[in-house]
Amino acid sequence: MRDGKRIASASAALLAFFILAGWPGRAFTGTFRGDKALGEYLASECVTCHQKSGRQVGGVPAIVGWPEDQFLAVMHAYQKGDRENPIMRTIAGQFKEDELLALAAYFGSLKPQR
């Protein structure tokens, strides 16, 4: 009987952990939202070339307002070497998945300035 109580207690604790971590919402939506504040912090390197205003300058594309899935797909393509720009390959390669999610959330939340 004591083992049954321990298992029930451990199961309840595990379920509480998943609920606090946002598990039900993530399971139903199929997406993991990035931390915008972290994305803003990490974006300092990005905005040295990509304009925070959302304007395209020279050959550097605007990334402000991109859908998050598109941003992630492009960054993953650079990480895998499927896209050619060696600078972007290097930059994309330094980010972990949670950091890419954060950057995608941050840039996706911005509106291009007119």
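Which exposed residues does the face of helix 5 turned away from its buried side carry? Select Pro 86, Thr 90 and Gly 93 to see them; exposed means over 50% relative accessible area and buried under 20%, with a 1.4 Å probe and protein chains only.

Before moving on: this is a predicted model, where local features need pLDDT of at least 70, side-chain atom pairs count only at pLDDT 80 or more, and totals for chains, interfaces and linings use all residues. Residues are numbered from 1 along each chain as its sequence is written, and side-chain values use heavy atoms, leaving out hydrogens and water.

**Helix 5, the buried side.** Now pick Met 88, Ile 91 and Ala 92, the buried residues of helix 5 (residues 86–93). They lie on the same side of the helix because they cover an arc of only 95° around the axis. These buried residues pack against helix 3 (36–46) and helix 4 (68–80), contact being heavy atoms within 4.5 Å.

**His 50.** Next, go to the loop between helix 3 and helix 4, where you will find His 50. This residue counts as buried because its relative accessibility is 10%. Its side chain reaches the backbone oxygen of Pro 61 at 2.7 Å. Among the residues that His 50 touches, not counting those up to four places away in sequence, are Val 60, Ile 63 and Met 88.

**Helix 3 and helix 6.** Finally, show helix 3 with helix 6 (residues 97–109): their axes come within 7 Å and cross at roughly 90°. That makes the two helices roughly perpendicular, a label for angles of 65 to 115 degrees.

Terms used
Helices (H or I, at least four residues) and strands (E, at least two) are DSSP runs, numbered from the N terminus. The arc is that of the directions from the helix axis to the C-beta atoms. Axes are lines fitted to C-alpha atoms, for helices over the stretch in contact, and angles run from 0 to 180 degrees between N-to-C directions. Angles under 35 degrees count as roughly parallel, over 145 as roughly antiparallel, 65 to 115 as roughly perpendicular and the rest as oblique. A polar contact is a pair of N or O atoms within 3.5 Å; within protein, one must be able to donate a hydrogen and the other to accept it, and residues adjacent in sequence count only if both atoms are side-chain atoms.
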